[in-house]
Amino acid sequence: MNGASASAGPGAGAGTGAGAEGPLVYEAWKGSNVFFLQGRFIFGPDARSLFVTMFLIVAPVSIFCAFVARELMDKFSYGMGLSVMIAVVLFTAYDLSLLLLTSGRDPGIIPRNAHPPEPEGFDGNAEVGANQTPPLRLPRVKDVVVNGVTVKTKYCDTCMLYRPPRCSHCSICNNCVERFDHHCPWVGQCIGLRNYRFFYMFVFSTTLLCLYVFGFCWVYIVKIRNAEQITIWKAMSKTPASIALIIYTFIAVWFVGGLSVFHLYLMSTNQTTYENFRYRYDQRANPYNRGVVENIKEIFFTPIPPSKNNFRGRVPQEHGLRPRATNGFMSPNMGRAVGDIEMGRKPVAWDEPRMAAEIGDLGAGLSNLLEDKDGRFRSASPDLSRDALAVGGGFEEQGSSAMNPGRTSWGVEAGR
């Protein structure tokens, strides 16, 4: 796998112009994702948990095939026992393929902007001087109307864009994801617009697989009881593998089965997990709810939109572009440390009176150094002030400190 540490802006999949070719998009990716097979598969940073999930599926199925399904091949007539073995193998392969479709594809990542969007207007409340450019401030949120309901969209400082409705920034993958549902540690990937369908199919098929193994383990126990004319408890003692699988699948089905029911409710009401826990649509109108049938059709029967990222394409190079003038541009988080913006730490406020006082002291110190004993100002020209600098060792030392660009007026080295 290939970890990525840098990013491409919008249109990252577009080809470059004439000249030197840039790196591939997946090689210059700023998110926390890892890539496999030269950008063909994209996983989250916790992709190793995918192997744990696969083991939790394959291991019990292997035990079932070795100790239960193989024995059932002799218990059933007309080859029906063989169909039990084939069915569980095929269903497991189908379940694992859904797991990979969920984990290894772009969940709906929105490409980052290379620059912040252009401010829409001036901030009329900002106090500016006569010769200063009025600052332009991006609003922190924007109002968007969805089906007659006003929805607020937030500005993302990391991706430098306004998130579309239902989009959120995943702190684990470090990407803005369309129709963000949640980040699933079991599949090692965000669940969003482009993989939610496969996620639900994986969870539901895992539930059916658990019920399949659970049911045929009991069938095998009953076959033993009927064949040997013994009690059910003695029959259970003769197949400890069946008992272990019954306990395992009983516990697992509560987890995956409960998750299947919960997401069935979310789909029927057109909610995401993030919206359900954050906005509580049971207390206000859900602008995305179009009825149970239409909501289900939206998940399973609408085309999946193509990825907005061509991970195997070249990063476009910006040729001959000068740095864009900011015209007093101010970020929504101006005055906050960069780390505080994304990590949620308490920002350090600007102490404007203290900074003004220090600037005044600096100006006064520089004025005193240029003024002689008679109250006259020395010339800034080194030729006219050469003789004056030789008067008095103490003043010469003070003057050399003033001419040294690496020191401030109070003798503290700049930059330390």
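**Salt bridges and a kinked helix**

Arg140 is partly exposed, with a relative accessible area of 37% (buried means under 20%, exposed over 50% and partly exposed in between, using a 1.4 Å probe and protein chains only). The model is predicted, so local features need pLDDT of at least 70 and side-chain atom pairs count only at pLDDT 80 or more, while totals for chains, interfaces and linings use all residues. Residues are numbered from 1 along each chain as its sequence is written, and side-chain values use heavy atoms, with hydrogens and water left out.

Arg140 meets Asp157 in a salt bridge, 2.9 Å from N to O (a side-chain nitrogen of Lys or Arg within 4 Å of a carboxyl oxygen of Asp or Glu). This pair links distant parts of the chain, 17 residues apart; Asp157 is buried, at 17%. Another such pair is Lys308 and Glu178, with closest N and O atoms 3.4 Å apart. Lys308 lies in the loop between helix H7 (292-300) and strand E12 (329-330), and Glu178 in the loop between strands E9 (175-177) and E10 (182-184), so the pair ties together parts 130 residues apart in sequence. Here helices (H or I, at least four residues) and strands (E, at least two) are DSSP runs, numbered from the N terminus. Lys308 is partly exposed, at 45%, whereas Glu178 is buried, at 18%.

Within helix H7, Lys297 and Glu294 sit three residues apart, about one turn of the helix, and form a salt bridge of 3.7 Å, N to O. The whole structure holds eight salt bridges.

Helix H5 (residues 240-269) bends by about 30 degrees, centred on Val253 (the angle between axes fitted to the seven residues ending there and the seven starting there). Just after H5, Asn270 takes a positive phi of about 55 degrees.
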